[in-house]
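Subject: Structure for your review

Dear colleague,

My notes on it follow directly after.

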Amino acid sequence: MTTSSTHHDTAPSAPSAPLKPAILERFAREVAKYPEAGKQSAVMACLAIVQQDEGFISMQREREIAEYLGMAPIAVHEVTTFYNMYNQHPVGKFKLNVCTNLPCQLRDGVTALVHLEKKLGIKMGETTADGMFTLQQSECLGACADSPVMLVNDRTMCSFMSNEKLDQLIDGLRASTKGEAA
């Protein structure tokens, strides 16, 4: 079984608990970096804080961030949806963003994507049934000369990703979780 979701769920759901005091303290530290009139500039940092804590950013959290920063909720939502680094729904332990921009496509980017889909048994935008991997597309990662390229968990750039290197990466990520509590 795979899950596929590329946007916020539209069905009403039970509200989450309020933001933790520790999260609000981190918000305050970020907001303090800006003049009072510019506190909305902390929106990306606040989104990142929520994602670090919860794994994704729900519509409720967007509204809470908007209220905290004195912004319209749609303005926060626009930031969340514009940047690929913000998860709008739960993702796997390893989020794999494969560059699908034209330069990467011309240099075997599509081959890399198809290989990952087959190896993982999922399509772009889906998460493996074990919750280990989410496969997403990404716009230009700024490494066209190194294509095909991908980004793991929004932090680790992987270049020249041949099928062999992709297999090694996936196998290595799986092996890194062996022995963790289930």
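Is Ser159 buried or exposed? Ser159 is buried, because its relative accessible area is 18%, and buried means under 20%, exposed over 50% and partly exposed in between, with a 1.4 Å probe and protein chains only. Ser159 lies in the loop between β6 (156–158) and α7. Leaving aside neighbours within four places in sequence, Ser159 is in contact (heavy atoms within 4.5 Å) with Asp146, Pro148, Val149 and Lys165.

Please note that this is a predicted model, in which local features need pLDDT of at least 70 and side-chain atom pairs count only at pLDDT 80 or more, while totals for chains, interfaces and linings use all residues. Residues are numbered from 1 along each chain as its sequence is written, and side-chain values use heavy atoms, with hydrogens and water left out.

Overall architecture

The protein chain has 182 residues, of which 40% count as buried. Its C-alpha atoms fill a box of roughly 50 × 40 × 30 Å along the principal axes. The secondary structure comprises 7 helices and 6 strands; helices (H or I, at least four residues) and strands (E, at least two) are DSSP runs, numbered from the N terminus. In order from the N terminus, the elements run β-α-α-α-α-β-α-α-β-β-β-β-α. Among contacts with a separation of 6 or more, 64% involve residues 24 or more positions apart.

The domain assignment gives domain 1 (21–82) and domain 2 (94–180); such bounds come from an automatic or database domain assignment. The centres of the two domains, taken over C-alpha atoms, are separated by 29 Å.

The surroundings of Cys99

Cys99 is found in strand β2 (residues 94–99) and is buried, with a relative accessible area of 2%. Not counting residues up to four places away in sequence, Cys99 touches Cys104, Ser138, Glu139, Cys140, Leu141 and Val149. Cys99 and Gln137 are 38 residues apart in sequence, yet their C-alpha atoms are 5.9 Å apart in space.

Backbone features in the loops

Ser147 and Pro148 are joined by a cis peptide bond, with omega about 0 degrees. Pro148 is found in the loop between β4 (133–138) and β5 (150–152); as stated above, Pro148 is one of the contacts of Ser159.

Two residues other than glycine have a positive phi: Asp154, near 60 degrees, and Phe160, near 50 degrees. Asp154 is in the loop between β5 and β6 and counts as partly exposed at 21% relative accessibility. Phe160 is in the loop between β6 and α7 and is partly exposed, with a relative accessible area of 44%.

Aromatic residues

Phe82, Tyr83 and Tyr86 form one aromatic cluster. Rings of Phe, Tyr and Trp (its six-membered ring) pair if their centres lie within 6.5 Å; planes under 30 degrees apart count as stacked, over 60 as edge-to-face and the rest as tilted. By this rule there are 4 aromatic pairs. One of them is the edge-to-face pair of Tyr83 and Tyr86, at 6.3 Å centre to centre and 90 degrees between the planes. Tyr83 is partly exposed, with a relative accessible area of 31%, whereas Tyr86 is buried at 5%.

Yours sincerely
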